[in-house]
Amino acid sequence: MTDTTPETHEPGLENLLTEDRRFPPSPEFAAQANAQQGLYAWANADRVSFWAEQARELLSWETPFEEVLDWSKAPFARWFADGTLNAAYNAVDRHVEAGHGDRVALHFEGEGGDSRALTYADLQREVSKAANAFTALGVGAGDRVAIYLPLIPEAVVTMLACARLGAPHSVVFGGFSAEALSTRINDAQAKLVVTADGGYRRGAASALKPAVDDALTKGTPSVEHVLVVKRTGQDVAWNDDVDVWWSDVVDQASDQHTPVAFEAEHPLFILYTSGTTGKPKGIFHTTGGYLAQAAFTHRNVFDLKPETDVYWCTADVGWITGHTYVVYGPLINGATQVIYEGTPDTPHRGRWWEIVEKYKVTILYTAPTAIRTCMKWGSEIPAKFDLSSLRVLGSVGEPINPEAWMWYRRVIGGDRTPVVDTWWQTETGAIMISPLPGVTETKPGSAQVPLPGIAADVVDDEANPVPDGGGGYLVLTEPWPSMLRGIWGDPDRYVDTYWSRFKGLYFAGDGAKKDADGDIWLLGRVDDVMNVSGHRLSTTEIESALVSHPWVAEAAVVGAADDTTGQAVVAFVILRGDAGGGDQEADAVQTELRNHVAKEIGAIAKPRQILVVAELPKTRSGKIMRRLLRDVAENRTVGDATTLADSSVMDLIAQGLSAPG
Ligand code: PRX
């Protein structure tokens, strides 16, 4: 496959600040845009009442709030705390009541080409049935529900049914292993697990239920029932005491259900994400503030016009992007959206563009990895489809290199659409730093400016803001409505992880630079977190998975730059001579250990490469110097190794790697 675009090289970060292409909004776009320049001045004048106004405007409250922000127990925030509302009512019922019941909420496209459209009225019936069925299965307000589903309408219905009942959901991405699932079920003490027999991936039915069965075998005492959606029709093992078919209980339930309002600070969901230690963190979000910022950002960052737009965010609901910009943001705003179950290259590499053409998608939100992959496949593929409906393009999940940004705008957006690079995190709940289409003059590769109502800065080691042109750590300097309310069951870890590095400031874990205009350019993580295809992985978590294999004595993992996935996992392992590992061929070691990581965590965490070494570079205090290993993994001259306990280690590693076999 030849690539017709000339600019496929990956520029170094130093190139970023010499990037001087600028794209001012077109007068036509600016004239019709939801967002106007005045939003910044309004929010700057009084940030807290700005958010209060947004929350009143964009949400329907059962009891209006008087209190806006309570920061007296910082860093534990409470927003709109004396107000009450129901999240599912806001996402579904009120649109039906307003006369939009016939508007399509979800255009579902299955990987095999099957499709289904659900209007807001359909969604109201489905969510009501699910809420009635979950109630009959013993789920009430405050109970946790684990969701392990493919991207099918039932995933959205389940999340909304939980929200309707005030039962926090914990969605676990279908690519995670049984081991990872059981840890998450147990951490949240989930009462119900909702899954499917399987889903379609890369042209084949891929089973899900066996992973739930395995997870339960490992011991998950809190689980009372497993509710199973029939998607693929594949055979499943069945335990009559626990397993229930969706078709037996949900399809049979009444489609009438009256939502009850909950306090704004009632937990809406828990979502696990990797941190710098081995144990994933259950990030938890509450209702009112989260929904307000989800709705505000979705409306303004994507310029959503619910009557005419067809919006498509390619994320899975297993990630925060799927929570905020597939489920809550778009549905709160009454949008029509596409959800697609499968992979971009099944059955052909033009699949996404075929979907854009079919549904006349106007707003597309995806990740840089996907853009770079499509770039590699070649511009002639999207060129075969009519993409003229597109009017806004968004990017999320990792830094987008200027050339990928340019390709996205030029080849997908026909040189016409604004591109918004949106920075945020599972913890922030919603977009924090992004251009506003129609307002901001965009710069390829930069997320640029904190949104109205958001306060961010770049600081040095001593927490001093860096001057324009300087680099340092990204921090958030004021609380925001959709901020995480904590780590499930571990308030101290919340304070330690985010609020201890710089006093009074939220430490995001990202490096950033300010350019001469003061605009922010994100540079990637500064901690032991990797970002592979926009998915967050912890080096320590993968290291623990590796050393749990009997062949492995020690392991060190680094994220090495990768042209397509942003970073790739590269592992260095020392094998145990006594346990059989030492006698294995290099290929056998690779395969065995990669599969082992997939089993322990999930296929997304599989190392791209596993290098067997005799020693690991350590400081005198025993800390592994990952920086040096990253140099090796990225084929660079190894940097300063003078703090190593044994300075010959790097030579040993280099010799070992160049040795044949
Ligand atoms: O490093 C940043 C990167 O993704 C991290 C958050 O990952 P996660 O919680 O999984 O959420 C991803 C989707 C919101 C951040 O700490 N990141 C996210 N968006 C960007 C980004 N890095 C650079 N530019 C972005 N637009």
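Predicted model: local features only at pLDDT ≥ 70, side-chain atom pairs only at ≥ 80, totals over all residues.

Me: Which residues of helix H16 are buried?

Reply: In H16 (residues 491–499), they are Arg493, Tyr494, Tyr498 and Trp499. Their cover includes strands E1 (69–73), E2 (76–79), E15 (281–286), E23 (486–487) and E24 (506–514).

Me: Which residues form an aromatic cluster?

Reply: One cluster consists of Trp71, Phe76, Trp480, Tyr494, Tyr498, Trp499 and Tyr506. Tyr494, Tyr498 and Trp499 were listed above among the buried residues of H16.

Me: How many aromatic pairs are there, by the rule that ring centres lie within 6.5 Å?

Reply: The count is 36 aromatic pairs. One of them joins Phe269 and Tyr290 edge-to-face, at 5.1 Å centre to centre and with 80° between the planes. Because Phe269 belongs to strand E14 (residues 267–273) and Tyr290 to helix H11 (residues 288–301), this pair ties together parts 21 residues apart in sequence. Phe269 and Tyr290 are both buried.

Me: What is the geometry of the pair Tyr325 and Tyr365?

Reply: That pair is edge-to-face, with 5.7 Å between centres and 85° between planes. Tyr325 lies in helix H12 (residues 320–332) and Tyr365 in strand E18 (residues 363–366), 40 residues apart. Both residues, Tyr325 and Tyr365, are buried.

Me: Where does the charged end of Lys230 sit?

Reply: Lys230 places its charged end over the ring of Trp245, 4.7 Å from the ring's centre. Arg501 lies over the face of Phe507, 5.7 Å from the ring centre.

How values were computed
Residues numbered from 1 in each chain as written. Heavy atoms only, no water. Buried < 20%, exposed > 50% of the residue type's maximum accessible area, 1.4 Å probe, protein only. Helix = DSSP H or I, 4+ residues; strand = E, 2+ residues; numbered from the N terminus. Contact = heavy atoms within 4.5 Å. Phe/Tyr/Trp six-rings, centres within 6.5 Å; stacked < 30°, edge-to-face > 60°. Lys NZ or Arg CZ within 6 Å of the ring centre and 35° of its normal.
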